Amino acid sequence: MTSPQTSEHLGRDHYEALVLGSGFGGAVAACRLAQAGIDVAIIERGRRWRPGDFPRDLSRLDAGWLWMCGHGLYDPLPLNDILAVRAAGYGGGSLVYANLAMRAPAEVFDEHWPAPYTRQLLDPYYDLASHMLDVRPVPADPRTGELPPKTRLMARAADCLGHTDGFFHPNSPSRGG
C-alpha cells in the first residue's frame, strides 16, 4: 500500500459556500451550487485514491481498507448493537458502494416506499444519473485483464448456490476506482 497523501489545503481563505464531504450528498450540493454561480469548496477528511492506489488485497484489512490503519477506505463505527461502516475518501459513499450503480427492483417500491413513488416514476432519474456518471458494466482490470476479485468471488458464490443464471455483472460509473 502506498502511504496516504500529505494534507491538501484550500487554495485561498474565502469561499461563498463550503461543503463538508465529497460523497453523494456533498458532490450534488457542490455541483448545484457551482452551477448557480456560487464560489464553492469541498472539504473531505479522507484521502484521494489515485489510479493504482485503490486497495486490492482482500486478505489484509490493514492494506488500505481500514481508516484506523493508515487512513484506509472504510471507517467502521460501532453504535450500540449496530456496526455502521462509512467511507473515508474522495467520493464518500460511492467508495463504500464499490462504484456500483444499480437500480432498485420494481417490487421494492410496492411495499416499502410511499404510494406515489414507483420504479416507473423514478426511471427518468436513474437514466439521468446513469448518463451523467457514464454507467457501464464493471470492466476487467486493465493491469491483469481479469474482472475484479470481488466480482469473481460473487460469481463463484452464485454458482455454488445454484444461481449461476441469475448472476450478472453490475453497472459501474466509468470514473470508478
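Of the 177 residues in the protein chain, 24% count as buried. Here buried means under 20% relative accessible area, exposed means over 50%, and partly exposed covers the range in between (1.4 Å probe, protein chains only). The model is predicted, so local features need pLDDT of at least 70 and side-chain atom pairs count only at pLDDT 80 or more, while totals for chains, interfaces and linings use all residues. Residues are numbered from 1 along each chain as its sequence is written, and side-chain values use heavy atoms, with hydrogens and water left out.

The protein chain has 5 helices and 6 strands. Along the sequence, the pattern is β-α-β-β-β-α-α-α-β-α-β. A contact is defined by heavy atoms within 4.5 Å. Among contacts between residues at least 6 apart in sequence, 48% join residues at least 24 apart. The accessible surface of the protein chain comes to about 12400 Å². Carbon and sulfur atoms account for 58% of that surface. Accessible areas come from the Shrake-Rupley method with a 1.4 Å probe, and for residues only the protein chains shown count as cover.

A nonpolar surface patch of about 380 Å² is made by Leu10, Leu18, Leu20 and Ile43. Patches consist of residues with over 30% relative accessible area and no salt bridge; like charges are joined within 9 Å, and nonpolar side chains (Val, Leu, Ile, Met, Phe, Trp, Tyr) within 5 Å. Leu18 belongs to strand β1 (residues 17-20). Its relative accessible area is 48%, so Leu18 is partly exposed.

A pair of aromatic rings is described by the distance of the centres and the angle of the planes. Rings of Phe, Tyr and Trp (its six-membered ring) pair if their centres lie within 6.5 Å; planes under 30 degrees apart count as stacked, over 60 as edge-to-face and the rest as tilted. The count comes to 4 aromatic pairs. In one of them, the ring centres of Trp49 and Phe54 are 5.7 Å apart and the planes stand at 70 degrees, so the pair is edge-to-face. Trp49 is buried at 12% relative accessibility. Phe54 is buried as well, at 10%. Phe109 and Trp113 form a tilted pair, with 5.1 Å centre to centre and 45 degrees between the planes. Phe109 is buried, at 6% relative accessibility, whereas Trp113 is partly exposed, at 42%. Phe109, Trp113 and Tyr117 form one aromatic cluster.

Two arginines sit over tryptophan rings. The criterion is NZ of Lys or CZ of Arg within 6 Å of the ring centre and within 35 degrees of the ring normal. The charged end of Arg47 sits over the ring of Trp49, 3.9 Å from its centre. Arg45 lies over the face of Trp67, at 4.5 Å from the ring centre.

Side chains of opposite charge can pair when their charged atoms come close. A salt bridge requires a side-chain nitrogen of Lys or Arg within 4 Å of a carboxyl oxygen of Asp or Glu. The count comes to 10 salt bridges. Among them is Asp75 with Arg86, whose closest N and O atoms are 3.3 Å apart. Asp75 lies in strand β3 (residues 74-79) and Arg86 in strand β4 (residues 82-87), so the pair ties together parts 11 residues apart in sequence. Asp75 is buried at 9% relative accessibility. Arg86 is partly exposed at 39%.

Arg103 forms a salt bridge with Asp127, the closest N and O atoms being 2.6 Å apart. Arg103 lies in the loop between α2 (93-96) and α3 (106-112) and Asp127 in helix α4 (residues 119-133), so this pair ties together parts 24 residues apart in sequence. Both residues are partly exposed: Arg103 at 29% and Asp127 at 41%. Arg103, Arg119, Asp123 and Asp127 are linked in a network of salt bridges.

Arg152 forms a salt bridge with Glu146, with the closest N and O atoms 3.2 Å apart. Arg152 is partly exposed at 36% relative accessibility, and Glu146 is partly exposed at 40%. Glu146 is also touched by Asp141, which touches Arg56 too, not counting residues up to four places away in sequence. Asp141 is found in the loop between β5 (135-137) and α5 (149-160). At 16% relative accessibility, Asp141 counts as buried.

Definitions and conventions. Helices (H or I, at least four residues) and strands (E, at least two) are DSSP runs, numbered from the N terminus.
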